[in-house]
Amino acid sequence: MWKRALDRAEVREPRLRRDYTEQRRTVRRFTAAEYAAARLLLPAALLPHVVAVVAFMHDTDDRIDRGEPDERAAALAEWDGLVGKALAEGDSGLPVLRCLTRTAECHPDVLAHVDEFLRGCRREVAWRTIADDEELEEYVREYSLPALMLSACLVAPADASARAAFTRGCHLLIRGMQRMDFLEDLSEDVRAGRPGVPADAVERHGADLTRPGVPLGLLVEEQADRAAADLDPAATLVGVVDPSYRPFMRALVGVQRLRLDAVRRAGASLATRTSGPSAPAAAVLLLREAASRALRPPWGRP
């Protein structure tokens, strides 16, 4: 199926096919459930391009996520230069950038989102704590949403008003996802000295982020409720996108709900471990949407 996807995406050059295949391995390792949804539910011609931009996002995050703020800022400046050079020249010595360059040639909308994402990375390298929900919103608007739009723009509607509704839905979706990210990775973030759960909420509950306890359990439940308040209206994205993308969008939102269920089950134990969606439940969800896609008539249906 992957070779067919590369053929459909017009990726014919042997080196570039190897590059895309390498990025596919990275994406499968970091976002297994979301990758499975894309593989099963998106048109084959789109899959390599989704892989390319998601791999670029993860590569960027990895490069700027090490060391002190000044080291992170220097890494971002160097990476920004490499990305700009690759996009300007149409080639690079790095496989991830060769793939990004080809994808941007095929989908020019990606270019603007690459620029916005790299600007948002300045906030990512600088933050140490999130003070409150207002600061969390700024983080989402400046960094998390541009990161999501790298891939989301590939399925965005062409109509201007529908595209505006799509972007609003993506904002809600990623705000809920980001809040869950900060809960899922709580133990790792605390060890790194950068907890993302809003500090005012931690103080309000009197929670100790380093050990399980009732206050931390209440904090996790509150933050999970706030994530759910964004995920529920984000489901309107299904009705905004083209019918061919609706099974994928339903699955994407569904996977986030499974993540949320796992966070709730983990509760205060997130002080000592991470969490993630139930693999069997995710498989059932994806198979159901795959069956729905297979049964969809050629003229489409909601």
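The chain carries 43 positive and 46 negative charges, whose mean positions lie 8 Å apart. Lys and Arg count as positive and Asp and Glu as negative, while His and the chain ends are not counted; each charge is placed at NZ of Lys, CZ of Arg, CG of Asp or CD of Glu.

## Basis of the model

This is a predicted model, in which local features need pLDDT of at least 70 and side-chain atom pairs count only at pLDDT 80 or more, whereas totals for chains, interfaces and linings use all residues. Residues are numbered from 1 along each chain as its sequence is written, and side-chain values use heavy atoms, with hydrogens and water left out.

## Fold and dimensions

The chain contains 15 helices and zero strands, assigned as DSSP runs (helices: H or I, at least four residues; strands: E, at least two). Its radius of gyration is 19 Å, close to the 19 Å given by the globule rule for 302 residues, so the chain is as compact as a globular protein of that length. The radius is taken over C-alpha atoms, and the rule is 2.2 Å times the number of residues to the power 0.38.

## Burial and cysteines

Of the 302 residues, 51% count as buried (under 20% relative accessible area; exposed is over 50%, partly exposed in between; 1.4 Å probe, protein chains only).

The whole structure holds zero disulfides, a disulfide being a pair of cysteine sulfur atoms within 2.5 Å. For C106, the nearest cysteine sulfur is that of C99, 11 Å away; C106 is partly exposed, at 37% relative accessible area. C121 is buried, with 0% relative accessibility, and its sulfur is 16 Å from the closest cysteine sulfur, in C153, too far for a bond.
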